[in-house]
Amino acid sequence: MRIDFITLFPEMCEAVMSESVIGRARKSGALEVVCHQLRDYAFDKHKRVDDTTYGGGMGMLMKAEPIALCFEDICRQNGSRPHFVYMSPQGKTLTQQRIKELSCLESMCILCGHYEGVDRRVLDKYVDEEISIGDYVLTGGEMPALVLADAVARLVPGVLSNNECFTEESHYNGLLEYPQYTKPIDWRGEQVPEVLYSGNHANVDKWRYEQSLITTAQKRPEMLRGYNLSELDKMILRNAGFDVE
């Protein structure tokens with residue numbers, strides 16, 4: 001998979017995407033990341049990519065033409081048109097389901113906004129979707145773009161060592177992850193559940209699934225409304241003290 005960033009701070013994106021798991025995936029060839037300096041597509045000697053807004057108001061707005069030229073150049077480099085995402089607090093909130101869908105793409109381009117946003121015309125003409133990482137506003141789009149890129153990239157084949165690295169995590173299957181423990185068995189009087197070191201893998205799997213249900217009911221009960229609970233699931237939750245219809 002190839003991920004392109006359109007940004008005013010390519011060094012920031014490059015630094016994050018060169019470390020840890022993502023950095024190793026880039027070196028192995030499982031993932032390609034290219035960071036583009038938007039100012040390289042500006043016309044004037046000052047390399048300005050923003051201007052005042054029509055109708056007045058506070059702040060500046062990112063201009064349409066540099067973004068269009070940069071994206072068109074990325075399309076030429078790719079040999080095809082990547083899926084184009086704009087990180088925006090007006091976008092749909094990012095979910096694990098959408099991340100799974102995006103990870104199946106061959107290429108994705110992410111636009112990092114700044115100032116008061118982006119000229120609406122370039123968004124309407126080029127952008128495929130707007131995505132938000134939450135109902136709040138940051139100083140720029142780089143951090144949300146990096147969140148999206150990291151979440152998508154780790155599901156790309158070859159980035160993580162094994163699919164189980166993400167298939168048992170919170171949100172992947174609609175539930176939160178079960179509690180986990182490491183050595184020692186006794187830590188300050190707190191014990192690791194005996195089932196986890198019993199050696200009975202079937203019982204371990206059963207315990208983990210039950211704990212995922214209970215953890216979800218405790219921390220994110222709204223998630224269970226979209227989960228297809230079996231009669232056994234409901235019994236597990238009732239036995240744990242939760243009201244289930």
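Let's start at strand β1, where R2, D4 and I6 point one way, I3, F5 and T7 point the other way, and all are buried. By "buried" I mean under 20% relative accessible area, with exposed being over 50% and partly exposed in between, using a 1.4 Å probe and protein chains only. Strands here are DSSP runs of E with at least two residues, helices are runs of H or I with at least four, and both are numbered from the N terminus.

A quick word on the source: this is a predicted model, where local features need pLDDT of at least 70, side-chain atom pairs count only at pLDDT 80 or more, and totals for chains, interfaces and linings use all residues. Residues are numbered from 1 along each chain as its sequence is written, and side-chain values use heavy atoms, with hydrogens and water left out.

Back to β1, residues 2-7: six of the six residues are buried, so the strand is largely enclosed by the rest of the structure. Who are its partners? β1 runs parallel to β2, joined by six bridges, and also pairs in the parallel sense with β6, residues 107-111, over five bridges. Pairing requires that DSSP finds at least two bridges between two strands. Follow I6 and you meet both neighbours: its bridge partner in β2 is H36, and in β6 it is L111.

Of its 25 lining residues, Y86, M87, S88, P89 and G117 are the closest to the centre. Two or more lining residues come from each of β5 (83-93), α5 (120-126) and β7 (129-132), and β5 gives the largest share, five residues. The lining divides into twelve nonpolar, ten polar and three charged residues. Here Ala, Val, Leu, Ile, Met, Phe, Trp, Tyr, Cys and Pro count as nonpolar, Asp, Glu, Lys and Arg as charged, and the others, Gly among them, as polar.

For the record, a pocket is an open set of points on a 1 Å grid over the protein atoms alone, where a 1.4 Å probe fits, with protein on both sides within 12 Å along at least five of seven lines; lining residues have an atom within 4 Å of a point.

Last, some backbone details. Most residues other than glycine have a negative phi, and most peptide bonds are trans. S20, in helix α2 (residues 20-28), has a positive phi of about 55 degrees. K47 also has a positive phi of about 55 degrees, and lies in the loop between β2 (32-37) and β3 (50-52). The K183 to P184 peptide bond is cis, with omega near 5 degrees.
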